[in-house]
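Okay, thanks for coming, everyone.

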Amino acid sequence: MFRSFLTVGGWTMLSRILGLVRDQLLAAFMGAGALQDAYQVAFRLPNMFRRLFGEGAFNAAFVPLFSSVLTKEGAPEARNFARRALGVMLVWLVFLCVLGEVFMPQVLRIIAPGFMQHGDRYALGVSLSRITFPYLVLICAAALVAGVLNGLHKFSMAAAAYLAFNVVGIAAIVFAAPFMPNVAYAAAWGVTASGVVQLGLLLWACHRAGFGLMPLPPRLTPRIKLLVRRMLPGLIGSGVGQINLTIDTIIATLLPSGSVSLMYFADRINQLPLGVLGAAAGTTLLPVLTRHLAAGDHVAARDAQNRSIDYVLLLTLPAVAGLMVLAGPIMIVLFGHGAFTEHDALLSAQALRAYALGLPAFVMVKVLSPAFFARGDTRTPVYIGIGILVFNFGLNLALMKPLLHVGPPLASSIAAFFNVACLAFILHRRKSLELEGQTKRRIGLTIVASGVMGGVVWLLGQGVVFPHNFWARSVWLGGMVMAGAGVYAVLLHMLGLADLARIVARLRSKLSR
């Protein structure tokens, strides 16, 4: 499981780095204003449906069923089930896409009510949303195909295919922009084109694995009905984080122009550790838990859950400390260029700190949710999710005026901690989550190590002045990050959380092969 965790995490990290390059281009060309706001809202809509119908509820319901059929009934029956599910999904998504294209003006009044105050921004948002909306059909189908590959334990191609989104997006911004009315149109067309490429790559990978997935005509077989029953309640339960971000966007459109952009770029930095660690843990843990539970090995399932919690917190908590201390320099170095000013970068850094506070909770939701899904329970996260959504919305309304663009991110972070607390409490009562004394001790020491590392980096930052030149700033930031990583590694070794000598020896052994 740890090898798969690193495989998915490695590909996801590479995808996030390319995504950072894409975001830097968006910031440099469009800045933080009406044009950027309109594009980000246009992208948010299909991205929300992707998380809900693709990576969220559908995947959470499909992967355990697919894995169970594959284990108990063999590959032919599992392949037939996947083809039938793909057929049902495509019919539903195409219908949803057509509705969205027709009623996009009305949809935008709901998700971006603040745009109505500025006719040009509203019209641009409608046009861009109609370009990006077909992406939801392509990427949700791609998520199902990726779920099949994950169920077959072929994690590499499923994770690598998502690189196409950023590669195609960068190419569209750089090469297609001169032929479009503005950069936002080029970026929007790049989103949809990337969906075509991703789906094509994943279908090709399935074909090579002997699992060709030509969709079958939709038919509500007993197994498909079970899939739908498990999926429907999970639409809210597994998508709480994404829906919360959408609520943040709705609130942000009511704030001063540029607020959507400031929050977006802050969230993108926050998504680096969240996407890498959360996606890797959730993707690899679900099939493992399903397999152990299907075999009746509850002890192995508990141990796998505990190891995942240990892994992600060991890597997430130092990221929180680093982002809290270095948020300003990070945003200035990465985005403070072109139309995105240094002042914009510092405002965005405020939102980044608010998001970073909730980073451990955002990641833990990804780790705890599979414990429900693997047991076929998609209802409980729904009930929790409804309460969290209401709570988050109330917090947004309370914080939006006094804190402006910092209010929605802080509300999401607080809501995420409540979400984790509810999930953990219920799992513990069901005896599906039992942290061993050793795991608790390691978590406590990890918190101490992360806090000390953050303090050391802060003191270094006070002693070495942040320079004015871009290249000098980049070196300064790189030095701070390396210093923090070094301090944290030493602390992990001193506290017995990691054996540096053994890790170095294993790395040398692998590199020498």
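This is a predicted model: local features need pLDDT of at least 70, side-chain atom pairs count only at pLDDT 80 or more; totals for chains, interfaces and linings use all residues.

Residues are numbered from 1 along each chain as its sequence is written, and side-chain values use heavy atoms, with hydrogens and water left out.

So, the overall picture. The chain has 20 helices and 0 strands; those are DSSP runs numbered from the N terminus, helices being H or I with at least four residues and strands E with at least two. Out of 513 residues, 57% are buried. By buried I mean under 20% relative accessible area, with exposed being over 50% and partly exposed in between, using a 1.4 Å probe and protein chains only. If you take contacts with a separation of 6 or more, 83% of them are between residues 24 or more positions apart, a contact being heavy atoms within 4.5 Å. The accessible surface is about 21300 Å², and 69% of that belongs to carbon and sulfur atoms. Those areas come from the Shrake-Rupley method with a 1.4 Å probe, and for residues only the protein chains shown count as cover.

Now, the charged pairs. How many salt bridges does the structure hold? There are 4, counting a side-chain nitrogen of Lys or Arg within 4 Å of a carboxyl oxygen of Asp or Glu. As a reminder, side chains of opposite charge can pair when their charged atoms come close.

Take Arg268 and Asp23, with N to O at 2.6 Å. Arg268 is in helix 12 and Asp23 in helix 1, so this pair ties together parts that are 245 residues apart in sequence. Both ends are buried: Arg268 has a relative accessible area of 19%, and Asp23 has 1%. Arg22 joins these two in a network of salt bridges.

Next, Glu77 and Arg223, whose closest N and O atoms are 3.3 Å apart. That pair links helix 3 with helix 10, across 146 residues. Here Glu77 is partly exposed at 31%, and Arg223 is partly exposed too, at 22%.

Then there's Arg473 with Glu342, at 3.2 Å from N to O. Arg473 sits in helix 19 and Glu342 in helix 14, so the bridge ties together parts 131 residues apart. Arg473 is buried at 11%, whereas Glu342 is partly exposed at 38%.

One more arginine: Arg442, in helix 18, is buried at 16%. Beyond its neighbours within four places in sequence, Arg442 contacts Asp310, Leu314, Gly496 and Leu497.

On to helix 17, residues 407-429. Its 23 residues should span 33 Å at 1.5 Å a residue, and the end C-alpha atoms are 34 Å apart, which agrees. The expected span is 1.5 Å times one less than the number of residues. Among the buried residues of helix 17 are Pro408, Asn419 and Leu427. After the helix comes Lys431, with a positive phi near 65 degrees.

Last stop, the surface. Trp92, Val94, Phe95, Val98, Leu99, Val102 and Phe103 make up a nonpolar patch with about 650 Å² of accessible area together. Patch residues have over 30% relative accessible area and no salt bridge; like charges are joined within 9 Å, and nonpolar side chains (Val, Leu, Ile, Met, Phe, Trp, Tyr) within 5 Å. Val94, for instance, sits in helix 3 and is partly exposed at 44%.
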